[in-house]
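Subject: Structure handover

Hi there,

Here is the structure I promised to pass on to you. Please have it open while you read, and my notes on what turned up follow below.

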Amino acid sequence: MGDKTKSFVNEFREFITKGNVMDMAVGVIIGGAFQKIITSLVDDIIMPLISALTGGIDFSNWFVSLDGSHYTTLAAAQEAGAATLNYGVFITVVINFILMAFVIFLLVKVMNGMRNKVVKQKEAAPATTKECPFCKTEIHIDAKRCPNCTSEL
């Protein structure tokens, strides 16, 4: 192998072992698992509730058969090999997206609240200055004599 190949391999190794790449990989994996949770939330909990509230409407069977025939379900149309315009599935995906965005918003809101608490705690760190009781100027906390009025503290 030439020097360019070794340099390329070393550069790739350095890139792949950087913390950001590993963080991104973990994020993608967690995101995939999170997507399954949201999909289950929508399909198994939210959509049945919406269906019950709307009188049993099932979005997944809202479709238009492009061959002009009438099918009772989307599965029947697909089984017959008919081309279909599945706008009900699209509605489900849009609801899924809105729910995903809302849950992510809530997570970011919670994380920002926790971060703000940490920042406030850092701001409440012990003071490094104090006020001279004689001239009222700000001086270092460990000062034995005020550098401004030369009073002994």
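Strands here are DSSP runs of E with at least two residues, numbered from the N terminus. With that in hand, let me start at strand S4, which covers residues 138-140 and includes Glu 138. Please keep in mind that this is a predicted model.

Glu 138 is exposed, because its relative accessible area is 63% and the cut-off for that class is over 50%. Leaving aside residues up to four places away in sequence, Glu 138 touches Thr 129 and Lys 130. With Thr 129 there is also a polar contact, side chain to side chain, at 3.1 Å. Asn 148 lies 10 residues from Glu 138 along the chain, and their C-alpha atoms are 9.3 Å apart.

Next, the aromatic rings. How many aromatic pairs does a search of the whole structure find? The search gives 2. One of them joins Phe 59 and Trp 62 in an edge-to-face arrangement, with 4.7 Å between the centres and 70° between the planes. The other partner of Trp 62 is Tyr 87, in a tilted pair with a centre distance of 6.1 Å and a plane angle of 50°. Trp 62 sits in the loop between helix H2 (19-53) and strand S1 (64-65), while Tyr 87 belongs to helix H4 (residues 87-123), so this pair ties together parts that are 25 residues apart in sequence. Through these ring pairs, Phe 59, Trp 62 and Tyr 87 form a cluster.

Finally, a few notes on H2. Its 35 residues should span 51 Å at 1.5 Å a residue, and the end C-alpha atoms are 48 Å apart, which agrees. There is a bend of about 35° at Ile 46, and a proline, Pro 48, follows within four residues. Buried residues in H2 include Val 21, Ile 38, Val 42, Met 47 and Ser 51. Helix H1 (3-16) and H4 are among the elements that cover the buried residues of H2. After H2 comes Gly 55, which has a positive phi, near 80°.

Best wishes

Conventions
Residues numbered from 1 in each chain as written. Heavy atoms only, no water. Phe/Tyr/Trp six-rings, centres within 6.5 Å; stacked < 30°, edge-to-face > 60°. Buried < 20%, exposed > 50% of the residue type's maximum accessible area, 1.4 Å probe, protein only. Contact = heavy atoms within 4.5 Å. Polar contact = N/O pair within 3.5 Å; in protein donor to acceptor, adjacent residues only side chain to side chain. Expected span 1.5 Å × (residues − 1). Bend = angle between axes of the 7 residues up to and from the residue.
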